[in-house]
Amino acid sequence: MIALASMTIAIGSGFAYEAIASNQGARDYPPPGKLVDAGGYELHLVKSGGGSPTIVLESGSGETSLSWRDIPTDLAPYATVVTYDRAGYAWSEMASSERTGENIVRELYTALKKEGIQGPYLMVGHSLGGMYARLFAQTYRDEVMGLVLVDARPENEAQDTKTILEEEKFAGNPPASTLKLLKHSGILRLLQNDLLKGLVAEEDRGQFINIIATPNCYPKLL
């Protein structure tokens with residue numbers, strides 16, 4: 001009984017520790033951009049530079065506006081540059097609408113217009129973001145001047161790679177439930193140097209733990 005009680009207290013302490021640390025961590029990393037109404041929730045947009053065209057950077061699966069690092073700053077002298085966090089990621093609020101490509105593209109367009117960020121748009125999409133960039137260009141073709149795809153993911157990737165991954169016995173990402181437990185229990189924060197070694201640069205781990213690795217993002221990865 002004593003061992004069980006001790007274990008319960010230890011687990012409960014971990015959850016309480018993470019809740020307090022997460023609240024403080026969120027205050028330590030305020031949004032670098034602006035929260036804009038995207039139609040029922042607020043989308044985090046970061047605008048730099050000025051003039052035409054407007055370069056919109058679409059991040060890959062599970063990535064955020066921070067993933068572009070210095071690229072927006074390097075491009076800012078030549079154009080308006082926009083990075084953003086899709087719904088539920090980093091500083092953006094969760095959306096109640098289904099996470100379809102059509103909704104994601106429409107919400108981005110709505111936020112751009114709300115902020116008065118006009119085209120012509122040059123869409124840049126990395127990995128999964130390539131599909132959204134292509135859909136944006138297709139949907140708003142009269143306002144898009146060009147499309148840049150960076151290692152973009154094709155629509156049929158899952159179908160084409162399924163056999164290869166099975167043959168290679170690729171296990172994939174850990175279950176969302178496991179990732180959530182690591183986060184909520186404080187284990188990810190306490191053991192970050194071990195668990196994130198080789199995955200997240202040491203200088204980026206504060207932002208990753210407090211802003212990017214929120215429990216809400218694990219099931220989606222969109």
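This is a predicted model: local features need pLDDT of at least 70, side-chain atom pairs count only at pLDDT 80 or more; totals for chains, interfaces and linings use all residues.

Residues are numbered from 1 along each chain as its sequence is written, and side-chain values use heavy atoms, leaving out hydrogens and water.

**The sheet**
- Six strands make an open sheet, ordered β1-β2-β4-β3-β5-β6, with mixed pairing; strands are DSSP runs of E, at least two residues, and helices are runs of H or I, at least four residues, both numbered from the N terminus.
- At the edges sit β1 and β6 (144-150), each pairing on one side only; to pair, two strands need at least two bridges found by DSSP.
- From one strand to the next, the twist averages 30 degrees, with angles running from 0 to 180 degrees between N-to-C directions of axes fitted to C-alpha atoms, for helices over the stretch in contact.
- β5 and β6 run parallel, paired over 6 bridges, and Val124 stands opposite Val148 in β6.

**Helices on the sheet**
- α3 lies across β1, β2, β3, β4 and β5, at about 55 degrees to β2.
- α4 lies across β3, β5 and β6, at about 155 degrees to β5.
- The ends of α3 fit its length: its 14 residues, at 1.5 Å a residue, should span 20 Å, and its end C-alpha atoms are 20 Å apart (the expected span is 1.5 Å times one less than the number of residues).
- Among the buried residues of α3 are Ile104, Val105, Leu108 and Leu112; buried means under 20% relative accessible area with a 1.4 Å probe, protein chains only.
- Just after α3, Gly116 takes a positive phi of about 70 degrees.

**The cores**
- The largest nonpolar core has 27 residues, and Leu45, Val56, Leu108 and Phe136 are among those with the most contacts inside it; such a core is a set of buried Ala, Val, Leu, Ile, Met, Phe, Trp, Tyr and Cys residues joined through side-chain atoms within 4.5 Å.
- Elements giving two or more residues to this core include α3 (101-114) and β5 (121-126).
- A second, separate core of 6 residues includes Ile55, Leu57, Val81 and Val124.

**Around Gln192**
- Gln192 lies in helix α8 (residues 192-195).
- Its side chain reaches the backbone oxygen of Arg189 at 3.0 Å.

Key
Buried means under 20% relative accessible area, exposed over 50%, partly exposed in between (1.4 Å probe, protein chains only). A polar contact is a pair of N or O atoms within 3.5 Å; within protein, one must be able to donate a hydrogen and the other to accept it, and residues adjacent in sequence count only if both atoms are side-chain atoms. Contact means heavy atoms within 4.5 Å.
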